[in-house]
Every structure is written in structure tokens, then in C-alpha cells.
Amino acid sequence: MTIHKLKSFIVSTFQISWNHFKSKLLLRYVLSYILIFLIPLTGVTIFVYDSAVNGLRSEIEQSNINQLNQMKMTIDSRIAELREISGRIAYDRRLTPYMVRDSYYTVEAIQALANYKANSSIIEDIFLYYHNDPVVYSYRGLTNVNVAFDSYYRYENWSLEDVILALNETNQMVIRPAENVTINSSRQEAMLTVIVPIKPNAPYPYGSVVYMVKESNLTGVMDSILSDFTGSSYIFNQKDEVLTANNHGVSLSQEHLGTLAALDAGIHNLSLNNDKYSVVSVKSRENGWNYMTIMPSYQFFGRVAHVQTLILLVFGIAVITGVLAAFVLAKRQYHPIKDLMEFAKLRVNDTPEPKTRNEWEWIRQTLHDYSARIDMQEPFVRNQCMLLLLKHGKPDDPEIERMIAGVGLEPPQEQVIYFCVILSWEENDAAEEVQHDRQQVHEILSYAEPSGLQANIYGVEFSADNQFALIVSLPDPSQDLLKIRMEQIIHAVQALITENTRLDPSMGVGTPYRDLGQLNQSFIEAATALEHRMVGSSRITYFDQLAEQNYPVAKGVWLPRKSLLKLEQSLKQGNESVAVQMIAEMMETIRSEPLQIHLLRCICFDLLNALLRSASEVGMNEVFSNISDYTSFETLEEFEDKLLSLTAEVCEKVERNHEQAAPKLIDDIVHYVNQQFADYTLSLEHVALKFSVSTSYLSRSFKEKTGISFSQYIWKRRTEEVIRLLVTTSAPLKEIIEQVGYLDAPNFIRKFKKETGLTPGQYRKQHHSNRLDI
């Protein structure tokens, strides 16, 4: 059976299908490896001794570096485990001061500490201490601090007073170098002491977690990794103190240890006590520790004699071995390139494959085409991002916030105000030259900086065919100069249009705001001003001017006309957030005035009439059949609830009207998600932005279409793809998880096991066994 398996392994290793030889790139790799192998071999036969010495030295030192890196990663992970356990203890409700001191819950708290100790392979003992508390808690129970650190554990160079001071005043993780500790007055053990404040990284911790770690636990890790090492290994902390040492035939004085601690990371040759040593050092980025090995240089020369006796035999079989190795290495080198090509073909399956000289040229051309496609989509993404600002305000999405910052709308150290302007052309003017002029306006005002005004203008195309929106940002002037600056900017926009086109559009100007999140309100106000522009007067209408059309009423309180107009406009556009805010402001105005009951109801009916008029304009005629439900109310709170309910219905109707214009929209969205589910940046907000729909509609419609929520659907598609790759490929698990767009591998494994009952590794092993049985 063993011979059969060995034969199968050899055949699978050295077999190269004929299809591989069709690739000129693979043949180049094979020839390159053969040449790379044979040319140095010829040089080795001539300079065998020197090359052997240098090669062996480099091999051993590089092996030491690799082993040191492995040791560093292992020990760093152990220390990180201690920090993680401390974090979990800090947030464990069973280990709060109240719970551990309560006689009823003490047993549960002690058991919790025992569980935490069991989770780490290097913890010898664990204590939980709260500041200024006479007792300390461990997995064995609670005891007095003096007993724990004076009777049970007694340090050789650390007094009880210093221990208590460190427990109460440590505000960051401290690791004390290994020293002899007398345990229970019966035996001595070299131990490291780790103190981690809780909560970790908090400016004012309320306690500490103390870990007792045997030095032998760390040196055992070092021995297991440096298995065939002859020499000494050390770990230095940031203060160049020896945390722990493991001596195998090389013992150094304190002066020599100071010399070692001052060395930078890398390979060094030192002379200590007239003996030459090779020193290898690596530095941890996690905690700043230096991991170091030192070995006598004579060890290199002891192996050279064996090389001299074997050189003729090696040279005889080198050619055959080199050719076989070249085939294997070339195949392995070509394998990731082949996988990359297959992955790229999946991403660009709608694009014909270009004719190129080799695979690298094909990949380069594909990346070039993909980059060009991204550059073409950048203006669209920018316009969609700004359109989102105009319609829904500033979203709580880090990715979109980075887009906004990249556009330059939010200077980091400058107070800025924002307002919106909407340009409108005559609907019936569709001549070709006029259309060209409109396109010219779009290009001119896509981004403009009027000379001398310190203002930035960003053009935004939206759904209205005969309109074009502008977002204007400028440094916050004084209140007296604000109106003048706005007028100067508007006139500058007019001048730009007049100089470059034959158009004279009407303009609606919204109110300026200091918060970018309120830009959607300025957009509604600009649309309101544009809709109520005065015939025969200036073609520029400011929203604030609408207030001048109010007619004063003696001894009466009426709602401002511009507030009603802004409310109606927000309802027509389906902007529920602005509409709700306007209703709240007007209801607050009504509550603040002492009015007679009859006048109060008249004012309420005025507000209700604005909503009913908007409902009628969007096609909600059914509300009039139940109008008595809205006119009958006993309190202003009840009336406001009915207004908000009607507002939600009107905005939902507007949204449905927009959605019904594209009946295949949700099918296109599902198709898009099926193609892009492996993109880790894919989110509900990004898809809504791409297809210009609200997140609430997308979430609701997506669930109606697929039967599950958006996040559940993404998880389902990614899980299916992981299962397919586990069963059909031998790729590493971490690579598979990242390939489907999931960056948090541990969390994915937990969720996968919860859903399937198996970890991904167990799932692969089980299905691999099933296939072998078949």
C-alpha cells in the first residue's frame, strides 16, 4: 500500500499535461530554471570550498532567521492572547467588582477565571485584582494580597510593597523579566510576571490582571522551534533587558549581553572573548522586543568537509535532478499565473480575450482595460455621490464619506457654508444647438472656481431632464456679507453661462447651511424657489424671497408660506426626512402661540391642506375618501401623528411611482449582486447608490424578490462559493475566505460552523473522504 501511494505521488508530482506545453511562458520557465541550476553548479565545482562555507553560513543564518521569525510570531501570539484575555475579562459581566464580591456569584467568577487560564498554554497562574482591594481573586479562590504575593509567591528581587504599587498604578501592559520566585515556601521557579490593566488602553483603569508565566514555558517554545540549534537564544524587551534566555553551550556576561541588546535587526558577526560568533536578530513590530540567537562560527566549517567528499557524487546526479526540479518548479511557478488568468476571465467574461504574446502580456492588458473602465466610471460615481447628498443628506457610510472628502467638499481646517442652486431650461426647446449648449453648461459647471470669490461649484445631474443642480461651498463669511457673496456667486455662474453658450436659464437658490448633512434641505428649497419663480421678474429666485409674499394678518398667527412651500416640495420629491423636520418645526410654532381653539383648528387645517394637495398631485386620490380620519383629532399630538403617517404614505407613493418606471430594476440588482458578491466593499448602501434608489426600498424589494434579507443573501452566496472551492480545490482556507470577500476569517469560521455543524476544514476533510469512498 505504501509503495502504491509513493508511486502515485511521484506520478502526480512529475506529470505535466500536454496542454501545459502549449504555453510558451511555461517552456521559458523550464529553460530558465535549468540554466539557473546548471550555471551556478559549474562555478561551485571550481570554487567549492569558499562557496560551501559562504553557502552554509547563509543557509544556517537564514534558517535561524526563519526560525526566529517563527518563534517571534508564536511568542507574540501568546502575549497577544494574554492581552485578549484581559480584554475579555474587562467586559465579562461575571468578573465585575460587584459580581466577584457577591458571595452568591463568587463561585461563578472563580470558575470564569479558571476557564480563562485554561484558554492559554503558557499561563501558570492568573489573578484578578481591583485597585485598593485587600484581596485578590484567582482560579483557586480569593485570598489576601499579602498572602498571594508574600507567602504563596515570593519574588527574589521584587518586594511586596512594589508589587502592590504596580498592581494599583499600572496603566499599560507590563512584562517583568524572568526571575526566581519561591512558590509556597517549598520550591523555586524562574517566572515572568505580566500585569495588564483593565480596562486595557483605558486612561483610568480600575484593576489589573496578573499572569504568572513559567520561563520554561517560553524556553520550551524556543526549544521546540530551534530544535537543532547549538548556541544561545535571548529575548530583549524595549529597555534592552533580558526577558528570558535559553543557553546551549554559550554563556555570556552582562557586558556582552548589553552589546547584543544594542544590535539592530539582521545578521551580525561579533568577536567576544576572542571567539567569533554569528548573531541573528529580528525585532517584533507588535511589542518592540528583540529575538536573538548567537552561535560559534566554527560550526560552519565543520560541515564543509562533508561537502568535499560528496561533490563528485552530487555533480554526477545534479543534471538529472536539476532537469526534474526545473519541471516541478516551473509548473508551480506557472500555477498561480494560470489561476490568476482564470480569475480574471471570470471578472471580464463579457469581454473578448485579447490576442497577446504570453500570459503576462494578457494579464497586463486586462489590468489596463480594467483601469480604463474605472476611470470612465469615476465621473458617474462622483455624480451619484453628490446626488445622494442632495436627496438624502450625508449618509453614515465610511466609504461614501471618503468619496466626499476626496471631492473636497469638507476642508479639514476651515468653516464652510453650503447652498444649492437649480438651473432650469424651457422644456420645449430641444433644438440640436440648444442641446449642445446644455451639454456645454454641464461641462463648464461640473467643477468651477469663480475668480476672486473663493468659492467651489460642483455640478450634479439628476432625474429632471431640463434641470441641472449646483452645490456651492465657500468660506463662512459674516452674516452681513453672506447675501452679497451669494449674489456675487450667482452672477458669476450667469456670466460663465452667457460667455460660453446662448442659454439664459432660470435659477432657484436655496438657503445656506453650515452642515453638509443639511444640503438636502437647501436642494428642496432651491426646487421650491424655482417652482414659484415670479413671471416677468428676475430669472433668479431666492427661497428667502418667498417669505416676502406672505400677507400680514392683524392679531393672528399663521404658518410661514415658505415653510408650507418647502413642505410641499419635499413631499413631491419623496424626501421624508425633510418633510418630517418641516412638520415638527411648524407644529412647534403652533404650540408656542396661545391661540383660540377655532383659530388653532384653522391653522391645523391649513397645514393638513398642504399635505392633501401634495397627495393629490402624486396621484393619491384615495386619501380623500377617508378625509374624516385626518380632520378628527382631540390633541395636537394626535394631529401630528396623523400628519406624519400621511407624510410617510405620500413619500412611499412617490417612491413607488419612480420604481414603477423601471420594472426590471430589482432583477438587475439581484443579477449585479450575484456577480459582485465576492467584493468585500459590497453593501446595501453602495448598491442603493449605484441604482439610485433608497436603502429602505432596496431592502424591502430585495427581500420580496429573494425571500431573505440583503445581508443573508450575501452570506448565502459567499458560503456556497466557499463550499464549492473547499470541495473542488486544494487552496488554503484563508485564501478561499478572502477570495469570496470575507476579511474576518475567524468570524466566518464561527458562523460557518454554526450553520453547517462543521468547521471549513472538517467539511473539506469529510467530503474528501466521501469522494474517496465513492
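View 1. T193 is buried, with a relative accessible area of 3%, where buried stands for under 20% relative accessible area, exposed for over 50% and partly exposed for what lies in between (1.4 Å probe, protein chains only). The model is a predicted one, in which local features need pLDDT of at least 70 and side-chain atom pairs count only at pLDDT 80 or more, while totals for chains, interfaces and linings use all residues. Residues are numbered from 1 along each chain as its sequence is written, and side-chain values use heavy atoms, with hydrogens and water left out. T193 is placed in strand 6 (residues 187-198); helices (H or I, at least four residues) and strands (E, at least two) are DSSP runs numbered from the N terminus. The side chain of T193 makes a polar contact of 2.8 Å with the side chain of Y155, a polar contact being a pair of N or O atoms within 3.5 Å of which, within protein, one must be able to donate a hydrogen and the other to accept it, and for which residues adjacent in sequence count only if both atoms are side-chain atoms. Leaving aside residues up to four places away in sequence, T193 touches Y155, W158, V174, I175, R176, V210, Y211 and M212, with contact taken as heavy atoms within 4.5 Å.

**View 2. The whole protein as context for the close-ups.** The protein has 29 helices and 18 strands, and of its 774 residues 43% count as buried. Among contacts between residues at least 6 apart in sequence, 60% join residues at least 24 apart.

View 3. Axes are lines fitted to C-alpha atoms, for helices over the stretch in contact, and angles run from 0 to 180 degrees between N-to-C directions.

View 4. Strand 10 (residues 266-272) and strand 11 (residues 275-283) run antiparallel and are joined by 7 bridges, among whose residues H268 has V279 in strand 11 as its bridge partner, while L270 stands opposite Y277. The two strands form a hairpin with 2 residues between them, and N273 in the turn has a positive phi of about 55°. Strand 2 (residues 135-138) and strand 3 (residues 141-144) are also antiparallel, with 4 bridges joining them; they form a hairpin with 2 residues between them, and S138 stands opposite G141 in strand 3.

View 5. An open sheet of 6 strands has the order 14-15-16-13-17-18, and its pairing is mixed. Strand 14 (447-448) and strand 18 (540-542) are the edge strands, each pairing on one side only. Strand 14 pairs with strand 15 (residues 456-460) in the antiparallel sense over 2 bridges, and Y447 has Y458 in strand 15 as its bridge partner. Helix 17 packs on this sheet, touching strand 13 (416-424), strand 16 (467-475), strand 17 (506-509) and strand 18, and its direction makes about 35° with that of strand 13.

**View 6. Helix 17 against helix 19.** The axes of helix 17 (residues 519-531) and helix 19 (residues 576-592) come within 10 Å and cross at roughly 85°. Helix 17 is therefore roughly perpendicular to helix 19, on a scale where angles under 35 degrees count as roughly parallel, over 145 as roughly antiparallel, 65 to 115 as roughly perpendicular and the rest as oblique. N520, Q521 and I524 in helix 17 meet S577, V578 and Q581 in helix 19. By class this contact has 2 nonpolar, 4 polar and no charged residues, with Ala, Val, Leu, Ile, Met, Phe, Trp, Tyr, Cys and Pro counted as nonpolar, Asp, Glu, Lys and Arg as charged, and the others, Gly among them, as polar.

**View 7. Helix 26 against helix 28.** The axes of helix 26 (residues 710-728) and helix 28 (residues 745-756) come within 12 Å and cross at roughly 90°, which means that helix 26 is roughly perpendicular to helix 28. W715, T719, V722, I723 and L726 in helix 26 meet F748, K751, F752 and E755 in helix 28, and the residues of this contact divide into 6 nonpolar, 1 polar and 2 charged.

Definitions and conventions:
Pairing = 2+ DSSP bridges.
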